[in-house]
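Have the sequence and the coordinates open while reading.

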Amino acid sequence: MTESQRPSGEYPMYPSYGNGDAAYPPPPSYRPTQPIATGPGTTVWPGGGGGHSGGGDDGHGDFHGLPQPAPQPPARGRRRVGRPVALLTAVAVAAAVVGGVTATAIGQFTDSGSSGSGSGTSSAVSGTTVSQSSAGTVAGVAQAVSPTIVEIGASSNMGESTGSGVIITSDGEIVTNNHVVAGASTIKVTLSTGRTYTAKVVGTDAAKDLALIKLEGASGLKTATLGDSSSLKVGDQVVAIGSPEGLTGTVTSGIVSALNRDVTVAKDGDSGQGQQGGGRSDWPFEFGGQQFNGDTGDSTTTYKAIQTDASLNPGNSGGALINMNGEIVGINSAMYSASSSDGSNSSSAGSVGLGFAIPVNTLKADLDTLRSGNSS
């Protein structure tokens, strides 16, 4: 056996395990602390007390005592939260778009409805029109426009006549036929309310069978809207309002039967002014080379007229022919009376659906001349 050459007590002595040169010191009684790699280039050593493997109850084992990262919500949970938010956002955007389109459509619908057949031209006078809820109905037209139609009673040395007129200004300007007021010494006007005014002639145009009168002391009256007669088509529905046989505010309806009819009427009041008293019963006119309702006399004028089958009777002259938007498209001026040829009383004649009206565009072109006080 080889003896050690090392002096006794020079080095600490450890118990040997194994035999000879294979002997080694005993292992430690606990597991050495190991570094924790948290990322590239970074090493963290755990604090004290974490070396015992028995600490696994807290779920961290040997990493007990280290700061732990904050718990993160599951990715699937985030997607579930995001979907309702995205859906609500999409609904809000869609609602805004639909709302804008709806508002625009309503605006366009409202604009087009108010312009009616007068679109594209400027009306000389703007006033009462049919409400949107009643547009296109005879009842709606009658309700809106009737307050603007008046009865005119004219007295002259020939007797008395009854006609109609249309209020175009709130202070009492009224349009009617020249033959209704020609030669009149006094003019009385009755509104739809029954109130009566005295009126004076402002201007007349016998060549167009038009006249403008003005009420004395009137204000705040409802006014009619003058439309565009050039937009009329054969077959369009129309309404007539006037005072036939002195029945104020009578409403009839029909269609436009024809356009641009050449109608010839007398220029003065001697050939048939009036429907009562000393004058003839109906206003005579010529059409197609024939005379109707009497002799038109020597002094006549011819104009292009709207033909309608809306019932017109004596007293409708000077009243309104109206489209379904409540706009005045013509001034009623002549009608055919079946009994006029045999001289019988006009009250038994009745309408035969042959009436004529002066186009409102003719009136609008002549309005400034009438207001200037010129008479022809």
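## Core and barrel

Ile328 touches Val145, Val166, Ala224, Thr225, Leu226, Gly227, Ala320, Leu321, Ile322 and Val360, leaving aside residues up to four places away in sequence. Contact here means heavy atoms within 4.5 Å. The model is predicted: local features need pLDDT of at least 70, side-chain atom pairs count only at pLDDT 80 or more, and totals for chains, interfaces and linings use all residues. Residues are numbered from 1 along each chain as its sequence is written, and side-chain values use heavy atoms, without hydrogens or water.

Ile328 belongs to the largest nonpolar core, which has 31 residues. Val145, Val166, Ile328 and Leu363 touch the most other members. A nonpolar core is a set of buried Ala, Val, Leu, Ile, Met, Phe, Trp, Tyr and Cys residues joined through side-chain atoms within 4.5 Å. Buried means under 20% relative accessible area, exposed over 50%, partly exposed in between (1.4 Å probe, protein chains only). Helix α4 (residues 360-371) gives the largest share of this core, four residues. Another core lies apart from it, with 16 residues, including Val189, Leu191, Tyr197 and Leu215.

Helices (H or I, at least four residues) and strands (E, at least two) are DSSP runs, numbered from the N terminus. Six strands form a closed barrel in the order β3-β4-β5-β8-β7-β6, with antiparallel pairing. Neighbouring strands of this sheet are turned by 40 degrees against each other on average, direction ignored. Axes are lines fitted to C-alpha atoms, for helices over the stretch in contact; angles run from 0 to 180 degrees between N-to-C directions. Two strands pair if DSSP finds at least two bridges between them.

| Antiparallel pair | Bridges |
|---|---|
| β3 (residues 149-156) and β4 | eight bridges |
| β4 (residues 159-167) and β5 | two bridges |
| β5 and β8 (residues 210-215) | four bridges |

Ser155 has Glu160 of β4 as its bridge partner. Ile167 is bridged to Ile174 in β5, and Glu173 to Lys214 in β8. β4 and β5 form a hairpin with five residues between them. Gly172, in the turn, has a positive phi of about 105 degrees.

Strand β5 (residues 173-176) is covered on both faces. Glu173 and Val175 are buried on one side, Ile174 and Thr176 on the other.

Helix α2 (residues 138-145) has Gly140, Val141, Ala142, Ala144 and Val145 as its buried residues. They pack against β3, β10 (237-242), β11 (250-266), β15 (320-322) and β16 (327-337).
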